[in-house]
Amino acid sequence: MTERPNGEVWTAEELLGRLERGDTFFVLDVRNRDEFERFRLEGRRPVPAVNIPYFEMLELGGKDEMLDSVVAYIGRDLADQLPSDRPILAVCAKGDTSEFAAQGLRRLNYTSANLKGGMKAWGEFYATRALAEGPDLAIYQVSRPARGCLSYVVASAGKAIVIDPLRHLHPYLDLARVRGLAIEAVIDTHGHADHISGGRALAGKTGASYYLHPYDAIHPVDVLPATFPYEFIRDGQMFPIGRHELEALHIPGHTLGLVAFRLDDRYLFTGDSIFIRSIARPDLGGKAETWAPLHARSLRRLLGLPGGITVLPGHFSSLDEADQTGRFAASLDDLKTRNDGLVALQRESEDGFVRYLLDSLPRYVPEYVDIKRVNAGLVAPAEEDAATLELGKNVCALSQAYASGGR
Amino acid sequence: MSQVFDKTLDARGLNCPMPLVNARKELGKLELGQVLKVLATDRGSVSDFQGWAKVAKNMVLVGQETEAGEGANVYVHYVKRTA
């Protein structure tokens with residue numbers, strides 16, 4: 001690819017900015033149809049897209065060269081589906097093939113851009129945002145926007161605890177270096193099913209202790225124990241961090257070993273229990289009927305905490321759940337009025353709420369059993385396999401059942 | 001599995017879309033009934049060759065194999081010219 005006449009390129013970071021602002025653009029995705037169905041761009045609003053695999057453009061365009069085929073195919077067969085009043089972002093798996101599509105669009109006088117690094121770069125992009133920042137206390141929300149995964153760095157007096165670190169470690173190591181923080185403890189709120197935890201690896205790299213509730217060190221389907229050393233988390237245990245401390249609250253339901261962390265009456269790291277718009281599903285261990293009542297009791301326990309406490313969840317399902325600054329945080333009192341699950345919890349009886357949970361389950365994701373195996377150290381996938389396991393957005397919340405029809 | 005072939009295209013080290021673009025060009029130089037063996041290191045080529053075979057009217061994908069190479073797998077595709 002030598003020809004790049006005035007080609008506009010969007011990085012993953014620029015793409016996030018546009019998605020958060022709700023900018024208007026169109027997507028021409030040239031990956032194969034399975035890849036497109038499994039993992040597509042989503043913003044505050046749906047991003048309109050058309051998916052034509054590049055090999056179809058090549059074959060149906062009928063020319064020897066990719067660019068000539070793209071121009072022939074788009075000009076003849078796709079023109080009536082493409083808008084001329086907004087930019088068209090060309091997207092593929094790694095960003096090379098979509099460059100041909102972006103160039104072809106330019107030749108046909110469309111405004112186009114290429115997504116740099118493709119969906120791989122977008123899927124592995126991390127954003128770090130401060131929720132509080134001072135020498136006494138700093139809290140950073142580290143998100144992986146394409147997957148809807150959230151993690152946290154809590155820092156005080158030069159010390160840091162990392163909660164639910166995601167698979168790539170650079171966001172945490174970079175933050176610690178830039179802010180001069182010593183990472184003293186790494187905590188997983190639970191054994192994750194939707195993504196590969198970076199917990200053990202980060203603890204290994206920084207010399208920090210790795211903490212997990214022992215119930216989640218057992219794979220729920222295989223019933224096999226984790227193969228690595230870890231420190232037990234107990235209900236009520238205090239984790240000192242500089243001039244503050246985090247209190248562990250064991251709240252089984254989404255998993256048997258799920259733990260939330262409370263920093264005074266100010267912050268509540270809820271893991272996979274209360275999200276912004278919805279609550280976590282109770283069925284990923286394969287025991288929905290048995291675990292749903294536990295989940296209900298745990299959620300009631302959290303509901304009894306001071307209403308002004310800021311909920312910091314482990315996931316989001318849509319960028320639309322962020323506040324105007326792109327942060328995923330809200331007070332418990334606020335969520336009591338607008339979180340689907342908490343509204344139902346306050347409205348329903350114990351039995352009624354269990355029925356609500358069981359009636360709201362989204363599709364079961366087969367890969368999640370394998371991801372839990374990775375997180376229990378039972379298997380160790382190569383990088384490409386790890387990336388494939390993690391492809392697409394998490395399905396840990398109930399509300400996706402209504403949002404996407406439970407695909 | 002040992003697949004019979006008439007010509008080999010080495011597309012190892014090339015990124016998408018070049019393994020498929022080059023394979024399509026080479027296929028056009030074959031006689032009807034001949035088979036091209038394509039070597040690629042781009043993992044996405046496996047599903048892409050399958051998708052290509054569904055839309056192309058002049059070829060069939062007669063076999064695919066994965067061989068463990070040095071540092072990276074080699075994905076082997078056999079395409080037969082039929083028209």
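Which residue of β12(A) does A:L212 stand opposite? A:L212 stands opposite A:F232.

The structure is a predicted model, in which local features need pLDDT of at least 70, side-chain atom pairs count only at pLDDT 80 or more, and totals for chains, interfaces and linings use all residues. Residues are numbered from 1 along each chain as its sequence is written, while chains are lettered from A and ligands numbered from 1 in the order in which they are written.

**Confidence**

The predictor assigns the complex an ipTM of 0.96 and a pTM of 0.92. For chain B, the mean pLDDT (the predictor's confidence in each residue, from 0 to 100) is 95, and 99% of the residues of chain B reach 70 or more.

**The sheet of chain A**

Helices (H or I, at least four residues) and strands (E, at least two) are DSSP runs, numbered from the N terminus. Two strands pair if DSSP finds at least two bridges between them. In chain A, seven strands make an open sheet with mixed pairing, in the order β6-β7-β8-β9-β10-β11-β12. β6 and β12 of chain A stand at the edges with a single partner strand each, so one side of each has no neighbour in the sheet. Two of the pairings are set out below.

| Strand pair (chain A) | Sense | Bridges |
|---|---|---|
| β6 (residues 127-133) and β7 (residues 138-144) | antiparallel | six |
| β11 (residues 209-212) and β12 | parallel | two |

A hairpin of four residues joins β6(A) to β7(A). In β7(A), A:I139 is the bridge partner of A:A132.

**Two helices of chain A**

Two packed helices are described by the angle between their axes and the distance between the axes. Axes are lines fitted to C-alpha atoms, for helices over the stretch in contact, and angles run from 0 to 180 degrees between N-to-C directions. The axes of helix α4 (residues 66-78) of chain A and helix α5 (residues 97-107) of chain A come within 9 Å and cross at roughly 55°. The residues of α4(A) in this contact (C-beta atoms, placed from the backbone, within 7 Å) are A:M66, A:L67, A:V70, A:V71 and A:I74. Those of α5(A) are A:F100, A:A101, A:Q103, A:G104, A:L105 and A:R107. By class (Ala, Val, Leu, Ile, Met, Phe, Trp, Tyr, Cys and Pro nonpolar; Asp, Glu, Lys and Arg charged; the others, Gly among them, polar), the residues of this contact are eight nonpolar, two polar and one charged.

**Between the chains**

Chain A gives 16 residues to the contact and chain B gives 15 residues. On the side of chain A that touches chain B, helix α3 (residues 54-61) of chain A gives the most, with six residues. That side of chain A has seven nonpolar, two polar and seven charged residues.

How values were computed. Two residues are in contact if their C-beta atoms, placed from the backbone, lie within 7 Å.
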